[in-house]
Amino acid sequence: MGGDHGLKTTVPACLSALKKFPDLHICLVGIAKDIEQFLTAHKTSYDTTRLSIVNANEIVEMDESPALALRNKKDSSMRVAINLVKSGDVDACVSAGNTGALMATSKFVLKTLNEIDRPAIVYAIPSLDRKTKKMNPVYMLDLGANVNCSSEQLFQFGIMGSVLAANLKGTERPRVALLNIGEEEMKGLDSIKQAAKMLQNCDHINYIGYVEGNDIFSAKADVIVCDGFAGNIALKTMEGTAKLIADMLKDSFNNSIFSKLAMLISAPVLTGLKRKLDTNQYNGASLLGLRGIVIKSHGGASAEAFETAIYEAIKEIKYNIPQKTQAQIERIMQS
């Protein structure tokens, strides 16, 4: 029910995903009569054995206080969906709703893994490997869940990110880096310096050192660890820069008849670039560190992008990410 577009985005995405994954079953959680009316109005046919509707009588608004939503809306679509994860009736929850409320509710209902203080938001950032010339996504966390992080929490993020990248990228020893204001050891906050020592002394983590903001897209690392304050600013800066470049290109190509001709000539190159950087391919941030799988879709996501978030959930289910993360934590604690 959440996000900027609600059912117009989520329902078509779910129906499309069902066609592509024969073993998939989806529960649409929300105001049942609204969902049924939407399906009827769009004359949508679907397999009732694989698509079910679970009623919830309340909706968490996008600008609602997370604390109030957690306290007062126990029958919200968000809360009911996460309760289904806890009970084992579903394997994952995908939501485009209020990020703060989703994080607060998920942490309250599902709890964090043993030895994990806080969940972190992790997102696959597109990056280019300059050696192979291929796109190689880097997993970056935290991207906004935790503004202030201790060195221990950054260390925990490194463990969680390493497990995720190892499974989803198929990399045996993912390269883990800390985001910092320089690559030199003496630079950065004390919490970052201490986290660097902890990661360096952990045999189970392939720690490669510090990276700067301009290294995020260079595929130097498979996992980049930072606190939620720096991570969220970095993410929003990326989004703003991408939009600026797109607007500038569009304006430049419309300046004159010659620039419009140049656009026609370069159309195949621009189309290929757009395809590589298509945000629909990267939608779906995982709330890592919980005892269950919760995926946050961008609030303004299209149906195609929301479908990508569903794929992210499917992958994490396939590789049992929470269980494997817990197992890795236990190995590290015992060593």
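Trainee: What percentage of the accessible surface of the chain belongs to carbon and sulfur atoms?

Mentor: This is a predicted model, in which local features need pLDDT of at least 70 and side-chain atom pairs count only at pLDDT 80 or more, while totals for chains, interfaces and linings use all residues. Residues are numbered from 1 along each chain as its sequence is written, and side-chain values use heavy atoms, with hydrogens and water left out. Accessible areas come from the Shrake-Rupley method with a 1.4 Å probe, and for residues only the protein chains shown count as cover. The surface of the chain comes to about 17,300 Å², and the share belonging to carbon and sulfur atoms is 55%.

Trainee: What radius of gyration does the chain have?

Mentor: The radius of gyration is taken over C-alpha atoms, and the globule rule is 2.2 Å times the number of residues to the power 0.38. For 335 residues a compact globule would come near 20 Å, and the chain agrees with this at 21 Å.

Trainee: How many salt bridges are there by the rule used here?

Mentor: A salt bridge is a side-chain nitrogen of Lys or Arg within 4 Å of a carboxyl oxygen of Asp or Glu. One of them joins Lys33 and Asp34, whose closest N and O atoms are 3.3 Å apart. By this rule, the count comes to 10.

Trainee: Is Glu312, which meets Lys315 in a salt bridge, buried or exposed?

Mentor: Buried means under 20% relative accessible area, exposed over 50%, and partly exposed in between, with a 1.4 Å probe and protein chains only. The two side chains meet at 3.5 Å, N to O, and Lys315 is partly exposed at 35% relative accessibility. Glu312 has a relative accessibility of 9%, so this residue counts as buried.

Trainee: Why are Lys315 and Glu312 separated by about one helical turn?

Mentor: Helices (H or I, at least four residues) and strands (E, at least two) are DSSP runs, numbered from the N terminus. Lys315 and Glu312 are separated by about one helical turn because they lie three residues apart in helix α10, residues 303–318.

Trainee: How many residues apart are Lys220 and Glu183?

Mentor: Lys220 forms a salt bridge with Glu183, the closest N and O atoms being 3.5 Å apart. This pair links distant parts of the chain, with Lys220 in the loop between β9 (206–211) and β10 (223–225) and Glu183 in the loop between β8 (175–179) and α7 (190–200), and their separation is 37 residues.
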